[in-house]
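User: I am new to this structure. Please walk me through it.

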Amino acid sequence: MNSRGSLHRMQQWQLAERQRYLGELESLGEKLAADLDRLRAEIDEAGGDAVPTNRRHDPLLIRPLIERRDKLMRSIAEIDAQIAEARAALASAQQEARLVEGALVHRGLRFEERLTRRTRRSM
């Protein structure tokens, strides 16, 4: 296999890895969003963001929930930033792969054209 073929295979592998990574990030983002929704529902059920005045709800129970919610929101923001970076890297990898494929196709066509010319000359 020549070096261009190896380069093409390596780029295809990198492209597949970037697609897989992006899919994993998106899946993680969806799971975190679902966790955040459940946590918000639990906080609302316990009395909301404010420290409850009702003695039935323990403020020591709500405070950790609120801190967990804030931490989840920060994590979701970080994942969203990573998803944007992964999408940009994937788009770049796709563009590079198209360029290499185009060069391979163009090179292959030139080779076929040379073969046709040689065949015509020998006739």
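Analyst: Helices (H or I, at least four residues) and strands (E, at least two) are DSSP runs, numbered from the N terminus. This is a predicted model, in which local features need pLDDT of at least 70, side-chain atom pairs count only at pLDDT 80 or more, and totals for chains, interfaces and linings use all residues. Residues are numbered from 1 along each chain as its sequence is written, and side-chain values use heavy atoms, with hydrogens and water left out.

User: How many helices and strands does the protein have?

Analyst: Both kinds of run were looked for under the cut-offs above. The count is two helices and zero strands.

User: Which residues are linked in a network of salt bridges?

Analyst: A salt bridge puts a side-chain nitrogen of Lys or Arg within 4 Å of a carboxyl oxygen of Asp or Glu. Arginine 20 pairs with glutamate 17 at 2.8 Å and with glutamate 24 at 2.6 Å. Glutamate 24 and arginine 20 are four residues apart in helix H1, so about one helical turn separates them. The network joins Glu17, Arg20 and Glu24.

User: Is arginine 38 buried or exposed?

Analyst: Buried means under 20% relative accessible area, exposed over 50%, partly exposed in between (1.4 Å probe, protein chains only). Arginine 38 has a relative accessible area of 53%, so arginine 38 is exposed.

User: Which residues is tyrosine 21 in contact with, leaving aside neighbours within four places in sequence?

Analyst: Tyrosine 21 lies in helix H1, residues 3-46. Contact means heavy atoms within 4.5 Å. Beyond those neighbours, the partners of tyrosine 21 are Gln82 and Ala86.
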